[in-house]
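Colleague: I would like to learn how to read a few features of this model. Could you take them one at a time?

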Amino acid sequence: MDFTIGLNEEQKKAILQTEGPVLIFAGAGSGKTRVITHRIAHLIDNLENFPESICAVTFTNKAAEEMRERVNHLLPGGIGSRVVIKTFHSLCLMILRREAKHLGFLSGFTIYDTSLQESLIKEVMKDLKMDIKQLKPSSIVHAISRSKDAMVSHIKYLDHYEKDFFSEKVDAVFSEYEKRKEQRQALDFGDLIFRTVELFKNNKKILHQYNTKFKYLMVDEYQDTNKAQYELVKYLAGESGNLCVVGDDDQSIYSWRGADISNILSFHKDYPNSFIVKLEENYRSTPTILGAASTLIANNTNRSDKTIFTNNPDGNKIGLFSYENEAEEAESIIKQIIKSKQENKKFSDHAIFYRTNAQSRYFEEALRRYSIPYKIFGGFRFFDRKEIKDIIAYLNTIVNPLDSTSLMRIINTPSRGIGETTIEKMNRISLEEGISLFEVIDRTIPGMKKGAIVKVQELKKMLSDLQDKHEKKKSPSEIAYELIERSGMREEMENEGTEESISRLENLNEFVNSVKDYETNAEDPSLEEFLNQISLLTSEEDTANLEDYVVLMTVHNSKGLEFDTVFLSGMEEGTFPHSLSMDSDTGAEEERRLAYVAITRAKRKLVISFCRFTRKFGNVEPRIRSRFFDEIPEQFFEEMGEKKQYGVRKPSHAPIPKRFTSDDSKVDVNTKNGSLQPGLKIRHKVYGVGIITKVSGNGENEKVEVKFGNLDKKFLIAYTPLEILN
DNA sequence: TTAGTTAAGATTTTT
DNA sequence: TCTTAACTAA
């Protein structure tokens, strides 16, 4: 069958060039998924490859699912579902479970999500006598994850990063963390990729197996790969060299997760003789939307050269709104959606984007007020709830008794009289004797009170019973159910009797249902596999089966999607671009790419808005519209000419932030333009005390240059709270 | 040992 | 504003 019918020349080339390395630059809305799926179908149907010999790798479960569905649609009889379409993480998990013994692991190892990771890091830091307040455990988790993304093991950590206070601390924690993780038969997210690469590096026999298995490899969103993923791809593409990567450097938005844009930009160097195709025709958006996006992204320097165009008919100009605050913004957007709905659009034609998850709150409130169905993608998952994490920790300990991190989490939840002192004593024995916490329970511990011993043994009895049942192949849902009863979770929540505790109990029931669901549908209905699956889950199926709903998500989550109408909210300096990502040029460019991604999601109508005031930590702060507005020519906006006036703050009307009003010696410079001059000593919230070296510009553009030690910074006076010090 | 109260501290994006 | 850690009383 011809899978290139109706496609443009470039798309055809991308599909028909099946051999050797292929790089497809796929601009936003250029029919990328179509090309990938048709290429797979072509490989199977025309070139008679086994579906199993084709491997396609994506970043999200959602993308993988969509791809599988579409391939299935192209081919008869469910052939498509035999193609190996997986995320990086699930592919590696599959390989590692199979090859666990080569790493010295049992195949029933536990996967640590971020919270278990952090618990273990905290534990290690405590034992190493580090101050949790001085050094945030989460920042160490981050450093370790980045290190693994960069294929740097704990052994080589200090060789690769500059030696300073922080890196030395990380190094110490890293080693101990790895050691304990291994004792507990656990792997974290980063390990899944890192260990698979190491396995391929050290064991050519296994590598060869996978190389023969996969004759064709395709990678989606290649611009978001990090070093570890890059190497994994290189190994997997291996002998045949039939590697096809698809991506768009302008949509690279995950550098904070180790993604390296040069992976895609240097593909032709890594894979000589590669065939490069550029998909530049956009089928999604109007010329207006595309024009705005293109001019915006043209401000970036580190990008491959390309020109996106469309033959779509002209459409609406871009809407532009400025609001007093977030509540007003939310209210107005909801009203626009209601109006649009009356004009025969569906709710699900509308998406509201924001930069940070915290911003969703206002929209939720407004949508609830108007009783409009909505769905939040990303953000908090069902499986992120405390009670769900607790029951998962119980299940982890049942499947893997060596997993002391999970045991620690539930040893006294719900509280059963095993207190801090008891736990500390047990932990010490565990550390000294090098045995798991679970085993410690059987030891006689000097100085432990009778009462505590009884409690601990009761817990052990319950867990052992359930372990027995699990080994005797009792169904996972029955085990989960029994757990809720015997752990005392149910009793505790019923006794509490508050609305919240009842809903938590309902969540637990819902959890049991989802286990049951899994049991009846999965190929491998074991508890182990269930735990594996949910650990890699993102935000999917949050129970509610609404038919038509307004979509809410962060800009990051919007990648790969499209909507008739997009509301891009909160476009203020500081939130978008976010202040924390603006300390480098690369950060600034990434924010711009993020804005580019957001804009190019819109098919027909785009509405951008910002607030003049925003709440932060409870107090109101003045805001200025995002610089990205000024990078889009006025001709693309409605209300031409007025644009420049939006967001211009009149200093006299601005309320003085609370923290500057309590003490008269502290002056909010926002209210006193002109009072700053070189030589004055000031204090900045982030950078601390500094000396003004220069004042320039006027009105809204008045700037100060300040020297903080040997760091020089420029600020816009009107929007930077500075204290003048005497 | 726990529960209940108070004070500080936190918000970027996620597989 | 909301959550979590530290502190206090029973």
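**Reading the features**

Modeller: The model is predicted.

Colleague: Which residue stands opposite Asn619 in β18?

Modeller: Lys616 has that place opposite Asn619. As a general idea, side chains in a regular strand alternate between the two faces of the sheet.

Colleague: How many residues lie between the strands of the hairpin of β17 and β18, and which residue takes a positive phi?

Modeller: There are two residues between the strands, and Phe617 takes a positive phi near 50°. In general, most residues other than glycine have a negative phi, and most peptide bonds are trans. Another case to look up is Glu48, a residue other than glycine with phi near 55°. Glu48 is found in the loop between α2 (32-45) and β2 (54-58).

Colleague: Which peptide bonds are cis?

Modeller: One is the bond from Thr413 to Pro414, with omega near -5°. Pro414 sits in the loop that lies between α18 (404-410) and α19 (420-433). Phe576 and Pro577 are also joined by a cis peptide bond, where omega is about 5°. Look for Pro577 in the loop between β15 (563-568) and α27 (585-599).

Colleague: Now the charged pairs. How many salt bridges does the count come to?

Modeller: The general idea is that side chains of opposite charge can pair when their charged atoms come close. Here the count comes to 53 salt bridges. One of them is formed by Glu176 and Arg180, whose closest N and O atoms are 2.9 Å apart. Both residues lie in helix α8 (residues 165-183), and the four residues that separate Glu176 from Arg180 are about one turn of the helix.

Colleague: How is chain A divided into domains?

Modeller: The assignment gives domain 1 (9-97 + 194-281), domain 2 (110-184), domain 3 (318-373 + 541-639), domain 4 (384-521) and domain 5 (680-724).

Colleague: What area do domain 1 and domain 3 bury between them?

Modeller: The size of an interface is often given as the accessible area lost when the parts come together. Domain 1 and domain 3 bury about 1100 Å² between them, with 50% of it on carbon and sulfur atoms. On the side of domain 1, Asp250, Gln251 and Ile253 supply 44% of the area buried against domain 3, more than any other three residues.

Colleague: How many salt bridges and polar contacts are counted between domain 1 and domain 3?

Modeller: The count is two salt bridges, and eight residue pairs are in polar contact across the interface. Elsewhere on the list of charged pairs, Asp224 forms a salt bridge with Lys559, and their closest N and O atoms are 2.1 Å apart.

Note on methods
Residues numbered from 1 in each chain as written. Chains lettered and ligands numbered in written order. Predicted model: local features only at pLDDT ≥ 70, side-chain atom pairs only at ≥ 80, totals over all residues. Heavy atoms only, no water. Domains from an automatic or database assignment. Buried area = accessible area lost by both parts, 1.4 Å probe. Salt bridge = Lys/Arg side-chain N within 4 Å of Asp/Glu carboxyl O. Polar contact = N/O pair within 3.5 Å; in protein donor to acceptor, adjacent residues only side chain to side chain. Pairing = 2+ DSSP bridges.
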